[in-house]
Amino acid sequence: MNASGSANVADVIIVGGGLMGASAALFLRNRGRSVILLERGLVGQQASGVNFGNVRRQAYAKDARDYGLDLEIIAGNSLRDRYPYLGREVLMGSLGPIDGHANPRLVAPAFGRAASRAGARVEENTEVLAIEKVGEDFCVETRDRGQFRAPVVLITAGAWATAMAEKFGEPVPAVARGPQMGVTEPVPYRIEPTLGVSSPLVEETVYLRQVSRGNIVFGGGNRNDVNLETIRAYPDPENTLNQMPQLRRLLPGIANLRIIRTWSGIEGYLPDDLPVMGSSAKVPGLYYAFGFCGAGFQIGPAVGDVMAELIDTATTVTPIEPFHIRRFAAGQPTA
Amino acid sequence: MADPRIVVVGAGPAGVRAAQTLVEAGLRPTVVDESPASGGQIYRRQPALFRRSYETLYGFEADRAKALHNAFDGLANQVDYRPDTLAWNVYDGVLHTLRDGVAGKLPFDALILATGATDRLLPIKGWTLPGCYSMGAAQIALKAQACAIGRRVVFLGTGPLLYLVSYQYAKAGVEVAAVLDTSPAGGQLGALPHLASRPALLAKGLYYRAQLMARGVTVHNGVVPLEIEGPESVAAVRFRDGGGQDQQIACDAVGMGFHLRSETQLADLARCTFTFDGDLGQWRPETDRDGRTTVSGVYLAGDGARILGADAAEISGRLAALAALTDLGRPVAGHRIEDLRRRQQTMETFRRGLAKAFPWPAGLARSVADEVLVCRCEAITAGDLRAAANLKGAPELNRAKAFVRVGMGRCQGRFCGSAAAEILAETRGEALAAVGRLRGQAPVKPLSLAATRETSS
């Protein structure tokens with residue numbers, strides 16, 4: 001790879017090929033910007049690829065009523081009639097009729113391929129070592145793949161973005177955690193909605209969905225410790241064992257199924273449970289979209305679209321101001 | 001200071017000798033084994049009330065089997081023995097187990113993994129038909145239950161087990177319709193200098209073959225398997241013989257295996273570093289000659305570390321235990337280690353001979369037809385895998401698994417992983433090592449959601 005050739009120059013360099021970075025690359029190309037996406041491993045391998053795959057609006061139900069969100073509260077006999085497989089302890093449900101789910105293993109790589117087809121340069125196995133602003137341009141140094149230059153850099157490096165922002169003088173109090181995921185052997189497809197327990201007790205908050213292949217994918221409860229350096233998150237078996245009685249309470253009928261696989265990933269969490277999105281408060285040309293607190297999958301393509309709009313037009317119609325990194329700057333009250 | 005907590009996983013030749021060595025040093029190890037009785041696969045014991053003699057069950061190995069069984073039985077009061085127990089995860093210095101639906105935890109200072117091996121399989125058209133078994137399964141049916149997999153059986157594959165199991169079936173009175181070895185006879189001759197390092201074992205191999213001949217069993221070398229024919233269950237095997245002629249042999253069962261592969265999931269979950277072994281075309285956990293892995297306190301022994309067979313497993317079990325004792329600061333006589341290492345070296349020479357005599361038929365795996373199922377759990381064909389590699393760009397095996405579900409089912413790729421790696425490498429025009437290996441994920445084997453926790457640990 002030629003370090004100084006013009007081939008390594010673009011309008012925008014995106015650091016981190018998760019769902020946010022890959023979709024931003026696609027939407028920037030649609031806006032006619034040249035893009036280089038740098039990914040240390042393969043596109044969609046970390047948080048984007050290992051999460052639950054929820055596409056839901058339940059979490060926002062409180063505020064969503066004003067936006068005409070159609071949630072249905074079901075209880076009693078009606079709940080039993082419609083969902084006879086639910087355990088006796090389930091008293092009430094809030095149904096989002098058009099909620100759904102998608103396969104995280106496929107989505108981000110598909111955006112990466114779409115970005116590639118649209119003309120973005122997607123450089124996998126390219127680890128970013130340093131990002132420096134030199135004059136008007138950013139100079140991005142990589143391991144064994146030379147230097148890349150662009151006037152604009154978008155950092156979408158998930159849990160690893162924190163260290164990069166800190167180098168630009170913008171520390172954020174993010175912590176890296178791993179979701180505790182698992183999947184059962186396949187059984188005939190029966191459970192149409194995604195199910196999740198709402199409870200103040202974190203160990204009770206399991207959730208699950210059945211995929212068309214028949215397997216039941218589940219998660220929830222306590223999160224795992226992760227290691228940002230080894231880039232691998234191992235699920236804690238204690239958490240798996242804690243999930244089992246909760247899953248049996250929710251769906252007694254699955255007690256005799258077997259778990260065939262568990263996994264985790266590495267996600268960035270911020271203390272106010274909101275992501276960092278928008279421009280840098282300190283460095284012109286620098287943008288961030290990271291720290292989605294385990295809820296990034298369903299909004300990933302929208303994040304890419306908004307970031308592309310922001311970078312292309314210097315503004316966005318989407319109200320992302322609460323997500324700005326300046327909320328963590330010294331002297332600011334932390335939310 | 002309290003005695004160190006040492007856990008041995010597996011009660012086959014390696015696990016038993018490791019436990020015995022620890023007891024001799026005055027310790028009380030915990031031995032976790034998936035089987036109801038010690039002995040491992042090779043010296044598997046028959047169920048209660050079965051009355052076959054050691055000679056009937058184990059042939060030439062009767063004395064060794066008896067010695068191993070007696071050795072372990074003699075430890076009864078000196079080990080914490082946990083049969084029927086699955087070790088499903090290793091995390092943070094704790095082995096996680098499951099017995100009778102109850103999940104338990106065993107914190108350890110040293111962990112010796114003697115997890116053995118399973119058949120290395122190759123997808124062949126029709127290999128998922130009822131009546132098609134792995135070589136190991138065919139042998140277990142005979143040893144454990146005195147059952148044959150069929151009335152007229154073809155054994156297909158390569159490796160020393162091919163001849164041993166065929167011989168055992170013939171001796172038990174089952175009609176062995178043919179023995180089809182994918183390795184050419186010439187390779188076996190060429191390997192003789194290495195194989196001569198263990199003359200007794202070489203002699204046994206030749207004996208099995210001679211016995212098969214004497215019983216009128218046809219042995220074909222250098223075959224290309226074409227199809228296991230149905231339609232509803234196994235009815236025949238079609239193959240190309242060493243001379244290039246297509247042949248068909250009627251049968252009602254097939255025993256199939258291409259030597260063995262180490263069971264390494266626990267080592268993987270313990271976070272041991274794996275390296276690619278070019279001789280075997282397999283990834284295996286890195287160990288020193290005594291069985292130390294790259295993870296402090298975790299040791300490997302027996303076929304779970306590398307396929308050297310039962311005698312070598314006994315030696316490596318002792319070596320791993322002595323390594324653990326040394327690392328825990330216990331006195332160990334240096335000459336004992338030296339002596340075991342010397343004997344192990346002979347085994348290693350023989351292993352190289354076996355690899356030469358019975359090579360893994362990588363070419364057959366690479367040329368598997370598109371419509372053939374590779375991953376049985378998820379019903380993924382070779383064509384599905386090739387398409388994923390081409391259209392979606394899967395540069396390594398875990399990516400292919402994510403895209404197309406190969407190796408994503410109940411067995412986690414233990415049975416399809418070898419072939420899937422070959423197919424992916426071939427499709428991408430790369431060396432086998434470049435496509436990596438399927439990462440191990442807990443649980444090692446399926447874990448019932450009904451499992452409950454131990455009330456006190």
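Start with helix 11 of chain B, residues 334–357. At 1.5 Å a residue, its 24 residues should span 34 Å, and its end C-alpha atoms are 35 Å apart, so the two values agree. Keep in mind that this is a predicted model.

**Stop 1: around helix 11 of chain B**

Stay on helix 11 of chain B and pick out its buried residues. They are B:Leu340, B:Phe350, B:Arg351, B:Gly353, B:Leu354, B:Ala355 and B:Ala357. What do these buried residues pack against? Select helix 5 (160–171), helix 6 (185–190), helix 7 (192–195), helix 8 (199–214) and helix 10 (310–327) of chain B. Those five are the partners.

**Stop 2: the nonpolar cores**

Now select B:Ala18, B:Leu111, B:Ile112, B:Leu113, B:Tyr299, B:Ala301 and B:Ala320. These residues have the most contacts inside the largest nonpolar core, which has 92 residues. Which element gives this core its largest share? Helix 10 of chain B does, with 10 residues.

Zoom in on B:Ala301. Set aside its neighbours within four places in sequence. B:Ala301 is then in contact with B:Ala14, B:Ala18, B:Ile112, B:Ala114 and B:Gly291, among others. Its contacts also include B:Ala313, B:Ser316, B:Gly317 and B:Ala320.

Another core, of 72 residues, lies apart from the largest one. To find it, select B:Val165, B:Ala178, B:Cys251 and B:Ala419, which are among its residues.

**Stop 3: a parallel sheet in chain B**

Show the strands of chain B. Look for an open sheet of 5 strands in the order 3-2-1-7-20, with parallel pairing. Which strands sit at the edges? Strand 3 (80–82) and strand 20 (298–300) of chain B do, and each pairs on one side only. From one strand to the next, the twist averages 15°.

Select strand 1 (residues 6–9) and strand 2 (residues 30–32) of chain B. They pair in the parallel sense over 3 bridges. Click B:Val8: its bridge partner in strand 2 of chain B is B:Val31.

**Stop 4: a hairpin in chain B**

Move to strand 4 and strand 5 (residues 94–99) of chain B. They pair in the antiparallel sense over 5 bridges. B:Tyr91 stands opposite B:Val94 in strand 5 of chain B. The two strands form a hairpin with 2 residues between them. Select B:Asp92 in the turn: its phi is positive, about 55°.

**Stop 5: where the chains meet**

Show both chains. How many residues of chain B are in contact with chain A? There are 21, and they meet 25 residues of chain A. On the chain B side, strand 4 (86–91), helix 14 (397–404) and strand 23 (447–448) each supply at least two residues. Helix 14 of chain B gives the most, with 3 residues. The chain B side divides into 11 nonpolar, 6 polar and 4 charged residues.

B:Leu447 in strand 23 is the bridge partner of A:Ile259.

**Stop 6: a mixed sheet in chain A**

Turn to chain A. Here 6 strands form an open sheet in the order 7-2-1-11-20-19, and the pairing is mixed. Strand 7 (121–123) and strand 19 (276–279) of chain A are the edge strands. The twist averages 15° from one strand to the next.

Select strand 19 and strand 20 (residues 286–290) of chain A. They run antiparallel, joined by 4 bridges. A:Met277 stands opposite A:Ala289 in strand 20 of chain A.

**Last stop: A:Gly300**

Find A:Gly300 in helix 8 (residues 300–313) of chain A. Is A:Gly300 buried or exposed? A:Gly300 is buried, because 27 other C-beta atoms lie within 10 Å, and 20 or more count as buried. Leave out residues up to four places away in sequence, and A:Gly300 touches A:Leu19, A:Met20, A:Ser23 and A:Ser48. Finally, select A:Ala281: it is 19 residues from A:Gly300 in sequence and 23 Å away in space, C-alpha to C-alpha.

Notes:
Residues numbered from 1 in each chain as written. Chains lettered and ligands numbered in written order. Predicted model: local features only at pLDDT ≥ 70, side-chain atom pairs only at ≥ 80, totals over all residues. Contact = placed C-beta atoms within 7 Å. Nonpolar A, V, L, I, M, F, W, Y, C, P; charged D, E, K, R; others polar. Pairing = 2+ DSSP bridges. Axes fitted to C-alpha atoms, helices over the stretch in contact; angles between N-to-C directions. Expected span 1.5 Å × (residues − 1). Buried ≥ 20, exposed ≤ 12 C-beta atoms within 10 Å, placed from the backbone. Core = buried A, V, L, I, M, F, W, Y, C linked by C-beta atoms within 7 Å.
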